[in-house]
Amino acid sequence: MSARNPGTELDLGWISRVQVNQPAVIRHAEQIQTRRTVKKVWQAAWLLRAVTCIDLTTLSGDDTPSNIQRLCYKAKHPIREDLLKAMDMHDKGITTGAVCVYPARVADAVKALKSAGCNIPVASVATGFPAAQTPLKTRLDEIKIAVEDGAREIDVVINRSLVLTGQWEGLYEEIRQFREACGDAHMKTILGTGELGSLTNVYKASMIAMMAGSDFIKTSTGKEAVNATLPVGIVMVRAIRDFYWKTGKKIGFKPAGGIRSAKDALTWLVLMKEELGDEWLKPDLFRLGASTLLSDIERQVYHHVTGRYAAYHDLPMA
């Protein structure tokens, strides 16, 4: 991960002046989606880069230690070894960016990754995920427990009612407390953009989160009716760019929820390259939150190497 974001003082003047031109944002999103994408060997290279930026995630009620162990093995070996050898990429240390689990499963993930002999970080959702409707003390305790169990990244989720009612000082103070509870762990702040009401609110919440010390801003929990969309992504990465121009601090971005295909991953990579540049195409500043995306990327890599598509049972999770 990049250096921690110390945050800044709350600038309500900046927040009050914000207006987002929604029709222009939507037009730009449509242009990105209809543009020709990378092909052949370049596509394969971009897909391998996408793999290194995935937070391989399981957030299910039936998660067990054995499920977590299989997930961690897949995080260390995301693409079949014979496919990587065919591309001369078998010795490049390709792994996913992190493994993301519930706080109760952090210890299992840390143990599994240690047994596998790899240094992939464990990320944990916290703070009353996904709705953030538990008492603040409980949310703060949840962060501390996940960190104590070995989580090196914490995905916190904001109380969306603070945005919808314009309580920007309250949102700032809440996220500052989250950051303090994270200690040395990096903090990704989930905005739940599908429930914020407008793109202007998305920008304002993004800026408040960065002012309060977020190391990443993240679109969604994956549990909302609407999750990561390109218009939202455009607004958030432009907020990141504005914050960088004002403070010199580079904040990461993580779209999550509904990103299932290799084509989706390429679209998000194109957005990052066009809006923020090559520096934001690395896992220390860009992550993809996904649980099923890796399977489709591996299938596309298989096609690149062999010229045909694999059946899904040819590419098992572990």
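1. Let's start inside the sheet. Strand S2 (residues 98–101) and strand S3 (residues 122–125) run parallel and are joined by three bridges. Across that pairing, Cys100 faces Ala123 in S3. A word on terms: strands (E, at least two residues) and helices (H or I, at least four) are DSSP runs, numbered from the N terminus, and two strands pair if DSSP finds at least two bridges between them.

2. Before going on, keep in mind that this is a predicted model, where local features need pLDDT of at least 70 and side-chain atom pairs count only at pLDDT 80 or more, while totals for chains, interfaces and linings use all residues. Residues are numbered from 1 along each chain as its sequence is written, and side-chain values use heavy atoms, with hydrogens and water left out.

3. Now zoom out to the whole sheet. It is open, has eight strands in the order S7-S6-S5-S4-S3-S2-S1-S8, and the pairing is parallel. Strand S7 (252–254) and strand S8 (288–290) sit at the edges with a single partner strand each, so one side of each has no neighbour in the sheet. From one strand to the next, the twist averages 25°. Helix H11 (residues 230–247) lies across strand S6 (216–218) and S7, and runs at about 170° to S7. For such angles, axes are lines fitted to C-alpha atoms (for helices, over the stretch in contact), and the angle between N-to-C directions runs from 0 to 180 degrees.

4. Have a look at the loops that follow S2 and S3. The ring centres of Tyr102 and Phe129 are 6.0 Å apart with their planes at 75°, so this pair is edge-to-face. Tyr102 is in the loop between S2 and helix H6 (106–115), and Phe129 is in the loop between S3 and helix H7 (136–148), so the pair ties together parts 27 residues apart in sequence. The count of aromatic pairs comes to three; the rule is that rings of Phe, Tyr and Trp (its six-membered ring) pair if their centres lie within 6.5 Å, with planes under 30 degrees apart called stacked, over 60 edge-to-face and the rest tilted.

5. Phe129 has another feature: its peptide bond to Pro130 is cis, with omega near 5°. Pro130 is also in the loop between S3 and H7. Another backbone spot to check is Asp88, which has a positive phi of about 55° although it is not a glycine. You'll find Asp88 in the loop between helix H5 (81–86) and S2.

6. Val38 and Leu266 are 228 residues apart in sequence, yet 8.2 Å apart in space, C-alpha to C-alpha. Leaving out residues up to four places away in sequence, Val38 touches Gln43, Trp46 and Leu266, where contact means heavy atoms within 4.5 Å.

7. Leu266 turns up again at the largest pocket, where Lys263, Asp264, Leu266, Thr267 and Trp268 are the closest to the centre among 24 lining residues. Helix H2 (22–34), helix H3 (40–52) and helix H12 (262–275) are the elements giving two or more residues to this lining, and H12 has the largest share, nine residues.

Conventions. On a 1 Å grid over the protein atoms alone, a cavity is a set of points where a 1.4 Å probe fits but cannot get out, and a pocket is an open set with protein on both sides within 12 Å along at least five of seven lines; lining residues have an atom within 4 Å of a point.
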